[in-house]
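This briefing goes through the structure shown below, topic by topic, with the cut-offs given alongside the terms they belong to.

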Amino acid sequence: MNLQLDYVSLALYAASFGFYTLHLYRAKRWMGLLATILLACGIAAQYYALLERARLIHSIPYDDLYGSMSLFAWLVALTYLGLELYHRQRAVGSLVLPFVLFWELLAIAVTPSSELPAPQASGALFALHITIGMLAYSAFAISFLLSVIYLVQNHVLRRGKPGLAFWRFPALDLLERMSRSSVWVGWFALIVSTTFGFVWERRLTGHIGVADPKVLATLLLLAIYAGYLWIVRAPAWRGARAALVCACNFAVVLFSYTVVNLYFTSFHRYF
Amino acid sequence: MASDSIPNASDRGTRGRVEIALIGCNHLTAPVELRERVVFTPEQAVRAAAELRKTGVIEEAVVVSTCNRSELYGVAAESDQSTPTVMVSYFSEFHKIPKRELDGRLYQHVGHEAVRHLFRVAAGIDSMLLGEAEILGQVREAYGRALEHGSTGPVLNRMFQGALEVGKRVRSETEIGTRPMSVALASVKLAERVFGNLKGHSALIIGAGSVAEQVVEHLRLREIRELRVVNRSFERAKELARRMGGEAFEWSNLERLLVQPDILVTSVSGSQHVLTRTMLERAMAARSGRATFIVDLGVPRNVEPEAEGLYNVYLFNIDHLGEIVEQNKRAREAEVPRVKGLIDEHVLKFLAWQSGLEAAGLLDALQKRLEAERKALLAAHLAHFDGISDADRARLEQLTEELVNRIVEMPSGRLRQSRKLRRPVEGLAALRELFGLDEREDAAKPSEDEKK
């Protein structure tokens with residue numbers, strides 16, 4: 001399979017990461033702007049790479065390790081770009097981009113099979129179910145990163161020995177708001193994805209099954225993130241406690257995405 | 001900034017050697033008692049620059065005066081070693097301070113050292129507070145005033161524009177000015193690390209102290225929503241509140257007042273803690289656990305240290321803040337070599353431009369000199385040629401004129417093309433001397449005997 005566009009997007013993400021980091025230390029507006037533009041270009045390039053793959057397999061590229069990881073990296077980048085534009089804050093770009101780069105590198109490293117796997121499931125509703133589900137995971141991943149940054153910043157602030165980056169990163173309040181926005185995106189996306197999944201399953205089998213471990217894990221995810229969104233309404237829970245809850249919640253996301261997919265479910269085993 | 005191309009001599013008039021001079025004093029050379037006597041108000045700065053130009057020695061002048069420095073920048077009309085002396089005399093007369101009192105208090109720089117000094121000032125590395133940002137604005141104002149009143153010329157325009165560019169680059173490309181260097185500013189910056197934008201937040205000032213007042217000034221600049229003041233002496237609280245633009249409260253209201261504000265600044269003298277952990281626990285419960293930022297400026301501490309462990313309470317005492325300021329100071333000092341690198345780059349750029357200006361003047365002077373020689377030679381010899389027609393005379397005139405132009409054209413072209421040739425200012429000075437271009441024009445004219 002031709003990976004040229006993947007390499008282009010990887011290079012653009014790497015350049016974007018470089019400029020985000022420079023922007024963090026030099027605080028020059030044009031550097032931040034360039035980083036955002038490069039990120040947007042990387043997202044566009046990867047979109048076309050995914051589109052090419054989708055055309056080849058006649059389905060969204062989720063059912064092999066390459067497609068799954070590449071789609072995930074793309075959605076993380078896309079979600080982050082949305083958050084950045086919404087909150088007008090570029091300081092955390094240098095921490096999110098390595099995550100995107102890592103997943104994209106892994107995707108390229110596993111090299112997609114040139115033999116086209118037969119699509120096990122297809123259709124617009126199914127495509128939306130998968131894509132929006134992965135969007136939810138990527139939004140939770142970003143909220144995890146933001147929560148970790150929050151906890152580190154909070155620790156540094158309390159220790160009273162701030163370094164250079166401390167003065168550059170966003171305020172705790174903004175980090176918390178960004179994390180909350182990201183969780184809201186993930187939570188709604190997961191609800192929509194789950195609903196589409198149920199509808200699609202009903203069309204396919206005539207009934208809705210909740211006994212599948214993946215479905216149970218998803219419902220658990222919805223519950224724990226709803227819990228997070230509920231506790232952050234109370235000022236007494238805001239701050240480090242909420243960040244810790246959010247960071248811990250991500251362990252369940254990882255569990256659902258990896259262990260459940262690989263070992264507990266056959267219905268939702270993608271790769 | 002203008003390009004590095006060689007300036008057009010005709011635009012600026014023929015210039016010989018450009019002599020930039022600077023005299024002045026700052027916090028390092030003069031005590032505050034002297035500095036406050038040599039301050040120039042904006043009106044005085046304009047007048048001084050105009051008067052300096054009237055002396056005939058100075059062609060361009062700018063006065064930079066702040067609380068920590070008073071400096072005169074001048075460009076001599078002619079190359080003159082005595083320019084700084086004239087400026088010192090004027091400085092002494094203007095402020096009515098005997099010269100002997102200024103001995104050892106004033107620094108003098110000429111040429112590239114004067115340029116470097118101005119660039120250092122604009123970069124903030126010559127300031128009392130390393131990397132302070134205000135000085136750049138003060139230099140801009142001083143230059144703007146001089147420009148408006150016509151006391152600057154091409155040299156000082158270029159030099160001050162260069163200084164402003166250096167200042168801007170230093171602040172955007174280095175960390176010299178990013179971290180807070182005072183306890184008051186560090187407090188407010190730390191509060192911003194917690195709350196982000198402070199607009200819409202409220203503060204309570206407990207007690208009175210100069211640092212607390214500075215904190216309030218910074219909070220005011222950030223458009224804090226509400227400010228309350230509480231002090232053991234209600235009269236003093238009212239006085240402070242009036243000055244700070246806040247609301248005064250009796251000391252008995254202290255615990256009740258803790259509930260609402262997000263930022264607490266305490267500066268109370270006394271051996272007992274003003275805020276105990278229990279008081280803050282109750283306040284935090286009453287405010288539903290919303291984050292509170294506390295700056296304890298008291299010595300001994302006003303806030304019980306155990307309060308530090310309370311959830312969502314960010315407590316900083318004077319030692320924490322002092323340590324942060326010290327760290328920041330070290331970080332700023334570590335940036336000085338980078339700043340100096342930027343300054344060097346711009347000094348070289350300016351010197352190249354200055355050499356260009358001088359080169360243009362040199363070529364202009366050379367052409368005039370050769371032209372004078374040509375005319376004198378023709379006048380002396382054509383009279384002896386019998387039977388020369390007017391047409392031949394005109395042709396001879398044209399031929400010699402073309403010869404002069406060709407002689408000047410080659411070095412002129414090379415100077416325009418090669419920046420290297422323009423750099424060594426001293427080399428240009430030597431050339432002027434070699435061709436006798438600094439001699440008076442009448443001296444260059446042929447004597448009557450020569451004509452005969």
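**A buried strand in chain B**

In this predicted model, strand β5 (residues 202–207) of chain B has 6 of its 6 residues buried, so it is largely enclosed by the rest of the structure; buried means under 20% relative accessible area, exposed over 50% and partly exposed in between, with a 1.4 Å probe and protein chains only. Helices (H or I, at least four residues) and strands (E, at least two) are DSSP runs, numbered from the N terminus.

Residues are numbered from 1 along each chain as its sequence is written, and chains are lettered from A and ligands numbered from 1 in the order in which they are written. Because the model is predicted, local features need pLDDT of at least 70 and side-chain atom pairs count only at pLDDT 80 or more, while totals for chains, interfaces and linings use all residues, and side-chain values use heavy atoms, with hydrogens and water left out.

**Strand pairing**

- β5(B) pairs with strand β6 (residues 226–230) of chain B in the parallel sense over 5 bridges, where pairing requires that DSSP finds at least two bridges between the two strands.
- Within β6(B), V229(B) is the bridge partner of I205(B).

**Chain A**

- Chain A has 9 helices and 0 strands, and 54% of its 271 residues count as buried.
- Of the contacts (heavy atoms within 4.5 Å) in chain A with a separation of 6 or more, 79% join residues 24 or more positions apart.

**Interface of chains A and B**

- Contacts link 29 residues of chain A with 28 residues of chain B.
- The two chains bury about 2,300 Å² between them, 51% of it on carbon and sulfur atoms; buried area is the accessible area (1.4 Å probe) that two parts lose on being put together, summed over both.
- On the side of chain A, L157(A), R158(A) and W167(A) lose the most area to chain B, together 31% of what that side buries.

**Backbone features of chain B**

- Most residues other than glycine have a negative phi, and most peptide bonds are trans.
- The peptide bond from V299(B) to P300(B) is cis, with omega near -5 degrees, and P300(B) is found in the loop between β9 (292–296) and β10 (313–317) of chain B.
- N312(B), in the loop between β9 and β10 of chain B, has a positive phi near 65 degrees and counts as buried at 4% relative accessibility.
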